[in-house]
Amino acid sequence: MTTTRPGRPRGTSKRDLELIAMRLFSDQGFDHTTVEHIAAAAGISGRTFFRYFPSKAEVLWHQFDAEVDALRAAFATVPAEVPLMTAVREVVVQANTYRAEDVEELRTRMHLIASVPALAATAGPHYDAWERAVSDFAAHRLGEPPDALLPMAVGRTTLAAARAAFDAWLRQADADLTVYLDRALSALEHGFAVGGRTPGEQTPGLGADRGGV
């Protein structure tokens, strides 16, 4: 006779909880969704939920934190001959290349983070980790400590440009996210001259060569 051991249901994961929480936050509001609601929808206990996340707000940062790991892994493989800011642009754009079927989920997550104060209030440590991934790469390239001026400037300005690209993408919804990121980071790379392109280089319109969403 086969018995079932008590414990978390088979298949429960951080990803499962993220999708469930996102649906509940969208359907009934962040403030009206409790940890118990998320846990019940996942078929687990509230205590088990806290084995995965310290709070309900942290659930929506799961994918963002995975992006930080992806950035670090990608930076480690950049050839030495690729210029610093070119490498930063290419790695960040690649890390944010999503399949068409994943775009709606991404928009939902980013809209919730941008519009719910309790979620926005948890952003600091996650943005700091993203920024450090970039500044650590810059420090390695420049031969300076990560907390030196130029590595910190590279990390912080890259984060600011990327956040501007995300905000513009959420508002406009007329092109792939990578178009916005590439344009913003190209502008940063070239000192915001000629629309972010070197003189004489054509600046494509948003949506060109990428396909709108």
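Which residues line the second largest pocket? Arg15, Gln63, Ala66, Glu67, Ala70, Ala95, Tyr98, Asp102, Glu105, Leu106 and Arg109 do. The model is predicted, so to speak plainly about its limits: local features need pLDDT of at least 70, side-chain atom pairs count only at pLDDT 80 or more, and totals for chains, interfaces and linings use all residues. Residues are numbered from 1 along each chain as its sequence is written, and side-chain values use heavy atoms, with hydrogens and water left out.

**The fold in outline**

The chain has 10 helices and 0 strands, and reads α-α-α-α-α-α-α-α-α-α along the sequence. Helices here are DSSP runs of H or I with at least four residues, strands are E runs of at least two, and both are numbered from the N terminus. Of the 213 residues, 44% count as buried, where buried means under 20% relative accessible area, exposed over 50%, and partly exposed in between (1.4 Å probe, protein chains only).

**The two pockets**

Rolling a probe the size of a water molecule over the atoms shows where empty space is left. On a 1 Å grid over the protein atoms alone, a pocket is an open set of points where a 1.4 Å probe fits, with protein on both sides within 12 Å along at least five of seven lines; lining residues have an atom within 4 Å of a point. Grid points are joined across faces, edges and corners, and the volume is the space filled by probe spheres set on the points.

| Pocket | Volume | Top contributor to the lining |
|---|---|---|
| Largest | about 320 Å³ | H9, 6 residues |

The largest pocket is lined by 21 residues, and Phe64, Met110, Ile113, Tyr127 and Phe166 are the closest to its centre. Helices H4 (62-75), H6 (103-115), H8 (123-142) and H9 (149-172) each give two or more residues to this lining. By class, the lining of the largest pocket holds 15 nonpolar, 2 polar and 4 charged residues. Here Ala, Val, Leu, Ile, Met, Phe, Trp, Tyr, Cys and Pro count as nonpolar, Asp, Glu, Lys and Arg as charged, and the others, Gly among them, as polar.

Back at the second largest pocket, H4 and H6 each supply at least two lining residues. Its lining has 5 nonpolar, 1 polar and 5 charged residues.

**On the outside**

Leu149 lies in helix H9 and is exposed, with a relative accessible area of 66%.
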